[in-house]
Amino acid sequence: MALVNYNLDVIQGSTFSAQLFAKDANGTAINLAGYSVRGVMKYNYGTGVALVNLSPSVNTTSPYTSASGVIDVTISAADAAGLPVTVGVYDIEMYNNDETEVKKLLDGRVKVYPEVTNI
C-alpha cells in the first residue's frame, strides 16, 4: 500500500473541509469497507499532543462508496480559530473494529494562515 501525500492550507477562524483520495501504489482506490479512519494535526511527528482532530470520515455519499477510498476531512471554524499560525504535520490511518489492522493512508504538512478579518 502506498502512502499518499497531500498538503493542507487552513485559515484561522474559517471552516476547513477537503476530500482526500486514498490510493495504492498502482493508483487504485483503497477499499475502506469494514474500516474506520482517524487523524490529527500536530506541530511535528514527535509531539505527543494533537493540535486538532481532523474528524476524518469515509465518504459513502453518491457517487462514492467505501470502495472509492474517499475521505472527508473537516475542521470547524471554532477549532481553526484556536490553531496557532504554523506549519505542522498530519496523518490519517484506517483501522478495523478490534484494531488488529491499522494502516497509515495519508500524510502531509498543514500550513495554518492567520485570519485577517476578525470581528
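In which loop is Asn59 found? Asn59 sits in the loop that connects strand E6 (57–58) with strand E7 (70–75), and the close-up views below, all taken from a predicted model, begin with this residue.

View 1. A polar atom of the Asn59 side chain lies 2.8 Å from the backbone nitrogen of Thr61. When residues up to four places away in sequence are not counted, Asn59 touches Gln19, Tyr64, Thr65, Val70 and Asp72.

**View 2. The open sheet formed by strands E3, E7 and E6.** The 3 strands follow the order E3-E7-E6, and their pairing is antiparallel. Strand E3 (16–21) and E6 are the edge strands, each of them pairing on one side only. In general, the strands of a sheet pair through backbone hydrogen bonds, in either a parallel or an antiparallel manner. Here E6 and E7 run antiparallel and are joined by 2 bridges, and Ser57 stands opposite Asp72 in E7. Asp72 is also among the residues that Asn59 touches.

**View 3. The aromatic pair of Phe21 and Tyr64.** A search of the whole structure finds 1 aromatic pair. The ring centres of Phe21 and Tyr64 are 6.4 Å apart and the planes stand at 65°, so the pair is edge-to-face. Because Phe21 belongs to strand E3 whereas Tyr64 lies in the loop between E6 and E7, the pair ties together parts that are 43 residues apart in sequence. Phe21 is partly exposed, its relative accessible area being 28%, and Tyr64 is likewise partly exposed, with a value of 24%.

**View 4. Thr86 in strand E8.** Thr86 has its place in strand E8, which spans residues 86–95. The relative accessible area of Thr86 is 19%, so this residue is buried, given that the term applies under 20%. Leaving aside neighbours within four places in sequence, Thr86 is in contact with Met41, Tyr43, Val110, Lys111 and Val112.

**View 5. Arg38 over the ring of Tyr95.** In this view Arg38 lies over the face of Tyr95, at a distance of 4.1 Å from the ring centre.

Key:
Residues are numbered from 1 along each chain as its sequence is written. This is a predicted model: local features need pLDDT of at least 70, side-chain atom pairs count only at pLDDT 80 or more; totals for chains, interfaces and linings use all residues. Side-chain values use heavy atoms; hydrogens and water are left out. Helices (H or I, at least four residues) and strands (E, at least two) are DSSP runs, numbered from the N terminus. A polar contact is a pair of N or O atoms within 3.5 Å; within protein, one must be able to donate a hydrogen and the other to accept it, and residues adjacent in sequence count only if both atoms are side-chain atoms. Contact means heavy atoms within 4.5 Å. Buried means under 20% relative accessible area, exposed over 50%, partly exposed in between (1.4 Å probe, protein chains only). Two strands pair if DSSP finds at least two bridges between them. Rings of Phe, Tyr and Trp (its six-membered ring) pair if their centres lie within 6.5 Å; planes under 30 degrees apart count as stacked, over 60 as edge-to-face and the rest as tilted. A charge sits over a ring if NZ of Lys or CZ of Arg is within 6 Å of the ring centre and within 35 degrees of the ring normal.
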